Amino acid sequence: MRRITHRSIGSCTRRRLVGHWIFILLALGLSATSYAQIAQTQKPHPAQQGGMGGIASAGTFAPIYDSEKRPITAGGFVDKGTVVFEDVTKAAGLASWRHVMGTPQKRYILETDGSGVGLIDYDNDGWLDIYLVNGSTYNALAGKETPPPAALFHNNHDGTYTDVTAQAGVANDRWGFGVAIGDFDNDGWPDIFVANFGKNRLYHNNRDGSFTDVAEKAGVTLGNWSDGATWGDYDGDGRLDLFVSGYVHVDLNNQPSSEDGSSNPAFCQMRGVPVECGPRGLPGEPDHLFHNNGDGTFTDVSAMAGVSDPDAFYGFTSVFVDVNNDGRVDLLVANDSERNYLYINKGDGTFDDQSYVSGFALNSDGREIASMGFAIGDYMNNGLVDVLVTDFSDDYKALYRNDGDASFTEVGREAGIGQIPVPFVGWGDGLIDYDNDGWKDLMMINGHVYPQVDKHDWGTTYAQRPLLFRNLHHGKFGYVPAVKGSGLAVVTAGRGAAFGDLFNNGKIDVVINPVDGPPVLLKNVNPDHHQWIEFKLVGGQKSPRDAIGATVYLSANGMRQREDVMGGGSYISSNDQRPHFGLGDATSGGTVEIHWPSGARETIRVPAVDRIFTITEGRGITDVLCAPHPCTTGSSAEKPRKSKTIRTTR
């Protein structure tokens, strides 16, 4: 397969990009003067000519402002339009917690990347709770001050949350980054893995509202900088294994700075301005795959499995998911300013690195990008999982369309998401059906890494607003304007984000964990009245208990949708693990087909819409929740139904 190089795109691509700015102007309300500036100067340059230095990008783009002369990353709002999300952070009781990471000046890379969010029903009451990872400070690492705590917020079922961190014992007094939720011991209660700078945590759920850190006994503490993590049963033994990405190797006593000449200036600048150094030019950390031994311990099998990352790329988000539909979870790794990894599961305990041959390693220009977050889902409704990869500003966000047989084509520009996100630095992202029409939409959470951008006329800002694109079907997306005062107009230094149905009302909400600030809870208030269905899956004896790795197909409303149960995603975060399906105006729940991690397949007629059904492997529907309330009608539609099970082998 021919790969297009950066040099080969030339003036043809540039002309195409300039043409697309007409649409952007109309969508964002930019002035005619802004368009004239873009048309004259929209010529990307290599990083060596004033670009990003230590971070991969397409080059330097012209500033973009709205009609009020605000950078588009913190402006471009409209007075009227559909309000999709509402900021309910204060009303929910989350605003008192604050993320802290290093110093406000962000002189070093350790301070910039932020932390993740985990959605977890830790007490098994049927409602999602929120775990927010925190960073730390240099004084805290030196024992001079109390470390800022992580937070576990319990869902009170009424739209509010209570901080139960102390009772739960999950404060993680370390410099935290990623979080992955999974039931590693198959006891029916979700556990929490936290990736840290320093030793990692593995919080085992004690089933009484508290957790115990068992990382030392489990053998997964590692050291230095672990970043993202994902759970998945890669060898089919019914137990969740753990993959942990490594980012930069940091020596606290010898951190390179643009101010002291300790590092190559080429890796410590943006557009010629000194900024924090890296990641390029800094030593990396390798990745690790831990095999679950079934006795509370794990064995590092990275080299044996072929996923050890011997070149020590700068790893961010990682996800186990079946990309070639062979019933085995494969492994995707987002690498910052290096090629992305796609490891195909060979079924014998090893993986085949198909990053290049699959088309997933690079973007459509044949370039490495500063990959950060993964949004994974079937946006074409063709039974294949696609991947949105967020990256740095002055670059295109990459949308990898799955063409089958583990082959991807990067189609971000063709899909309509190429130009608008260019000034934004993307982190958390989701392929979510926000309007429940049966088609997955795109959302990106944004925020810059360099506070210095606020002092320069670059058309970007440190704090940035989210971006939402509606699925127009046929592989195209349309920009959803940010209405003033709505959730899409919230400006924050976004990092980790998790997507899920926090109010059990069938609408997908978003929790954002910004760097150096309070969290943001965006409640989905889209005015549609479409139907929906969600499933909580419980694996049998040969599957992980929480069914991570399962693939679910729903045939309803004249379409066939796909959802996968994953133990990681977005940007170093963990989303709602309940497969969610929008049904449009359908009144029938259709038929659900579940491909369990064990290899068994189960087909069930769904008896009603607007329900959260619990399905237990081999037993069919075993429980049901009617929207936010228990089912009390006693009708046959609410009763668990025995299902037909088709067992297969891998």
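Trainee: Which cysteines form a disulfide here, and how far apart are their sulfur atoms?
Mentor: Cys268 and Cys277 form the disulfide, with their sulfur atoms 2.1 Å apart, where a disulfide is a pair of cysteine sulfur atoms within 2.5 Å; by this rule the count comes to 1 disulfide. Keep in mind that this is a predicted model, in which local features need pLDDT of at least 70 and side-chain atom pairs count only at pLDDT 80 or more, while totals for chains, interfaces and linings use all residues. Residues are numbered from 1 along each chain as its sequence is written, and side-chain values use heavy atoms, with hydrogens and water left out.

Trainee: Why is that disulfide called right-handed?
Mentor: The torsion about the S-S bond of Cys268 and Cys277 is about 110°, so the disulfide is right-handed.

Trainee: And are the two cysteines buried or exposed?
Mentor: Both Cys268 and Cys277 are buried, where buried means under 20% relative accessible area, exposed means over 50%, and partly exposed lies in between, with a 1.4 Å probe and protein chains only.

Trainee: Which peptide bond is cis?
Mentor: The bond from Gly278 to Pro279 is cis, with omega near 5°, and Pro279 sits in the loop between β13 (273-274) and β14 (288-292). Strands here (E, at least two residues), like helices (H or I, at least four), are DSSP runs numbered from the N terminus.

Trainee: What about Arg271, what is its phi?
Mentor: Arg271 has a positive phi of about 50° although it is not a glycine; this residue lies in the loop between β12 (269-270) and β13, and it is buried, with a relative accessible area of 19%.

Trainee: Switching topic, where is Asp187 and what does it touch?
Mentor: Asp187 is in the loop between β6 (175-182) and β7 (191-197). Leaving aside residues up to four places away in sequence, Asp187 touches His204, Asn205, Arg207 and Arg545, contact meaning heavy atoms within 4.5 Å.
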